[in-house]
Amino acid sequence: MTSNENTIIAFDLYGTLLSTESIAKELAEHFGEEKAAAVAATWRKYQLEYTWRLNSMNQYLPFSTITQRSLHHTLSEHGLSLPSEEAISSLMSAYDSLSIFPDVGPALESLADQATITPVIFTNGTLDMVSNSVNHSPDLSPYSKIFKDIVTVEEVKRFKPHPEVYFHLARKMGKEKERMGEMWLVSGNPFDVVGAKAVGIKAVWVDRSGGGWVDGLIEGENGRPDLVVRELGEVVEAVSGA
């Protein structure tokens with residue numbers, strides 16, 4: 001349980017702290033760099049699509065299973081194959097050691113000195129996947145002690161942006177539904193931002209590409225982030241001053 005007096009900042013993991021595109025380095029060993037980038041993008045597309053379809057069907061599979069099945073889907077679509085089950089297992093292990101974005105390290109270091117901020121990880125990933133990334137990934141593990149908790153969706157068996165996922169986060173943080181606005185979500189994924197806003201959580205969108213907010217699903221302020229930053233280092237200052 002975290003202190004209700006602190007500012008809770010829930011960091012999304014995949015696509016926010018960890019670059020899902022970095023798996024292309026492993027894929028390139030099998031398919032070459034050009035194909036690897038396309039395969040990585042398609043893999044991520046189906047990984048997310050599977051979670052949304054499961055939400056719609058009121059069904060659940062662990063994110064690790066989804067990740068592996070979406071890989072098979074991707075390889076079939078691209079007319080590719082891997083030489084063995086060992087190669088598949090190696091790629092799945094590599095997914096637990098994705099690279100962080102360049103701005104992540106300095107931003108997390110700055111959080112270590114912020115006594116009034118409670119940073120947590122909030123993710124679709126299974127606890128095993130996330131624990132491996134946080135505690136053993138060469139990139140992320142040096143910052144593992146900064147996070148006060150890891151909140152996954154396994155208990156509620158839903159995925160972002162299902163409302164129950166965000167209510168689950170609130171319960172873990174000791175917040176009633178009426179106090180959702182006391183928490184911040186930080187995410188590089190627009191669907192996550194819109195999902196958080198739909199239940200009253202304040203949201204920061206990390207726009208690393210600088211393309212600006214274009215998601216048009218929900219009109220008005222509820223369909224837009226409260227803050228937009230170009231890199232993670234801006235989050236602490238922006239949230240503190242908001």
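A pocket, on a 1 Å grid over the protein atoms alone, is an open set of points with protein on both sides within 12 Å along at least five of seven lines. A cavity is a set of points where a 1.4 Å probe fits but cannot get out. Lining residues have an atom within 4 Å of a point. Points join across faces, edges and corners, and a volume is the space filled by probe spheres set on them.

This is a predicted model, where local features need pLDDT of at least 70, side-chain atom pairs count only at pLDDT 80 or more, and totals for chains, interfaces and linings use all residues. Residues are numbered from 1 along each chain as its sequence is written, and side-chain values use heavy atoms, without hydrogens and water.

Now, the largest pocket. It holds about 420 Å³ of space. Its lining has 19 residues. Nearest the centre lie Gly15, Thr20, Glu21, Phe101 and Asn189. Helix H2 (33-56) gives the largest share, four residues. Helices here are DSSP runs (H or I, at least four residues), numbered from the N terminus.

Next, the second largest pocket. That one has about 180 Å³. Helix H8 (residues 190-198) supplies the largest share of its lining, four residues. Pro161, Pro163 and Asp215 are among the lining residues.

The volume of the largest cavity is about 60 Å³. Which residues line the largest cavity? They are Asp12, Tyr14, Arg44, Leu48, Phe63, Asn124, Lys160, Asn189 and Phe191. Look back at Asn189: it also lies among the residues nearest the centre of the largest pocket.

Terms used:
Helices (H or I, at least four residues) and strands (E, at least two) are DSSP runs, numbered from the N terminus.
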